[in-house]
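Open the model in your viewer and keep the selection panel at hand. Each stop below says what to select and what is there.

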Amino acid sequence: MRELADRVVVVTGASSGIGAATARACAAAGMHVVLIARRAERLGAVAAACQEYGGRALSIPIDVAGAGASDEILGRAMKEYGRVDVVVANAGYGTRIGLLDMSELDLRTMFEVNFFAALSLCRAAARLWISAAQPGHLIMSSSCVGKFPLAYHGAYCATKASQAMACAALRAELQAHRIAVSSVHPVTTRTEFFLESDRRSGSDGLGVEVPDHAPRFLVQSPERVAAAVVRCMHRPVPEVWTSSLVRLSAALFTACPWVLHQVLDHQARKERQQDARSRNSDPSAPA
Ligand SMILES: NC(=O)c1ccc[n+]([C@@H]2O[C@H](COP(=O)([O-])OP(=O)(O)OC[C@H]3O[C@@H](n4cnc5c(N)ncnc54)[C@H](OP(=O)(O)O)[C@@H]3O)[C@@H](O)[C@H]2O)c1
């Protein structure tokens, strides 16, 4: 059981959703938080909520995919607190676009934010801990769809699968240094994620808070994911799942790929029907 009081945690994507809830849950556990995202005002509000628990909060408004971002984040955290104990690489976004329709630039940008920036921050923190002979914990917000794909979300799923793969390998590579590595695999979580995904996919106005393909009984709150992440900080595990049912489904899909492909075909048909419906109700929408 790891003691969290007075430990320092860096949380990226802390201006909303799972990241903001995780920062608050860490503060409630007695940790000092370093909050990372681009929207400074939103970070300020989360910092104020964290400080109400009595700990300290440092906001760093920055694009995680910008040049030198990881060094800047860790440098400023070290300057402020003199230590970093846990990194939660959580910043990320998705889109709902077929792989052929997504531009090469958009595809690469998504990998920069979701995968390369997360890995870069984790590598930099691990190097810091190894050089100081200090233990640490790296946590990446992957997704359940890091373990099985969804049609028309292929690029996003690929970034999340890359995170899951990197975490599994890193965990084995770093255990000799007393550095734990965990990937988190939330199911549909009620955050700004899907509104942002619609905006980036050019489907403004669809405005769904949670997508049609998500069974409502599986939809979770960001606080539930955050609680699971904090439990994992206390007692590190390689993978954090917030739904046993989806975890079992992922195992079934791996064991029986034909089941996965049946499910995917069905889901792809439903997505195309949804597109057709929204084209019919909006004559100005592209065919
Ligand atoms: N919601 C779900 O159903 C779900 C399920 C599984 C996994 N996840 C994963 O959980 C993570 C958090 O998602 P969420 O649901 O909490 O979505 P969210 O509410 O949209 O939060 C995304 C966060 O990422 C930050 N961000 C995005 N791009 C960034 C960039 N370039 N630089 C810095 N920060 C950036 C955003 O802040 P700014 O806009 O202020 O920069 C925001 O704080 C993501 O990695 C997502 O893939 C979500």
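Select Ser16. Ser16 counts as buried, at 16% relative accessibility; buried means under 20% relative accessible area, exposed over 50%, and partly exposed in between (1.4 Å probe, protein chains only). Ser16 sits in the loop between β1 and α1. Helices (H or I, at least four residues) and strands (E, at least two) are DSSP runs, numbered from the N terminus.

This is a predicted model: local features need pLDDT of at least 70, side-chain atom pairs count only at pLDDT 80 or more, and totals for chains, interfaces and linings use all residues. Residues are numbered from 1 along each chain as its sequence is written, and side-chain values use heavy atoms, with hydrogens and water left out.

Stay on Ser16 and show its contacts (heavy atoms within 4.5 Å). Leaving aside neighbours within four places in sequence, they are Arg39, Arg42 and Glu192.

**The ligand**

Select the ligand and its shell. How many residues surround the ligand? There are 29, and the closest are Ser16, Arg38, Tyr156, Thr189 and Thr191.

Colour the shell by residue class. It divides into twelve nonpolar, twelve polar and five charged residues. Nonpolar covers Ala, Val, Leu, Ile, Met, Phe, Trp, Tyr, Cys and Pro; charged covers Asp, Glu, Lys and Arg; the others, Gly among them, are polar.

Next, draw distances to ligand oxygen atoms. A side-chain N or O atom of Ser15 is 2.7 Å from one. A backbone N or O atom of Gly13 lies 3.1 Å from an oxygen atom of the ligand. For a backbone N or O atom of Glu192, the distance to a ligand oxygen is 3.4 Å. The protein covers 96% of the 880 Å² of accessible area that the ligand has on its own. That area comes from the Shrake-Rupley method with a 1.4 Å probe; for residues, only the protein chains shown count as cover. Show the helices α1 (17-28), α5 (154-174) and α6 (193-200): these are the elements that give two or more residues to the shell.

On α6, select Arg199. Is Arg199 buried or partly exposed? Arg199 is partly exposed, with a relative accessible area of 47%.

**The cores**

A nonpolar core is a set of buried Ala, Val, Leu, Ile, Met, Phe, Trp, Tyr and Cys residues joined through side-chain atoms within 4.5 Å. In soluble globular proteins, nonpolar side chains tend to be buried together.

The largest core has 56 residues; Val10, Val34, Ile36, Val87, Leu138 and Phe148 touch the most other members. Helix α4 (residues 104-131) gives the largest share, twelve residues. Apart from this core lies another, of 29 residues, among them Leu4, Ile18, Val33 and Ala57.

Zoom in on Val34. Residues up to four places away in sequence aside, Val34 touches Val8, Val9, Val10, Val11, Leu58, Ile60, Ala77 and Tyr81.

Move to Met110 in helix α4. Met110 is buried, at 0% relative accessibility. Its contacts beyond four places in sequence include Tyr93, Met102, Phe115, Ala155 and Tyr156.

**Two buried polar stops**

Select Thr12 in strand β1 (residues 8-12). At 4% relative accessibility, Thr12 is buried. A polar atom of the Thr12 side chain lies 2.9 Å from the backbone nitrogen of Ala91.

Then go to Asp85, in the loop between α3 (69-81) and β4 (86-89). Asp85 is buried, at 7% relative accessibility. Its side chain makes a polar contact with the side chain of Arg83, at 2.5 Å. A polar contact is a pair of N or O atoms within 3.5 Å; within protein, one must be able to donate a hydrogen and the other to accept it, and residues adjacent in sequence count only if both atoms are side-chain atoms. A polar atom of the Asp85 side chain also lies 2.8 Å from the backbone nitrogen of Val8.

**Last stop: positive phi**

Select Ala133, in the loop between α4 and β5 (136-141). Its phi is near 50 degrees, a positive value in a residue other than glycine. Ala133 is exposed, with a relative accessible area of 59%.

Definitions and conventions
Near = heavy atom within 4 Å.
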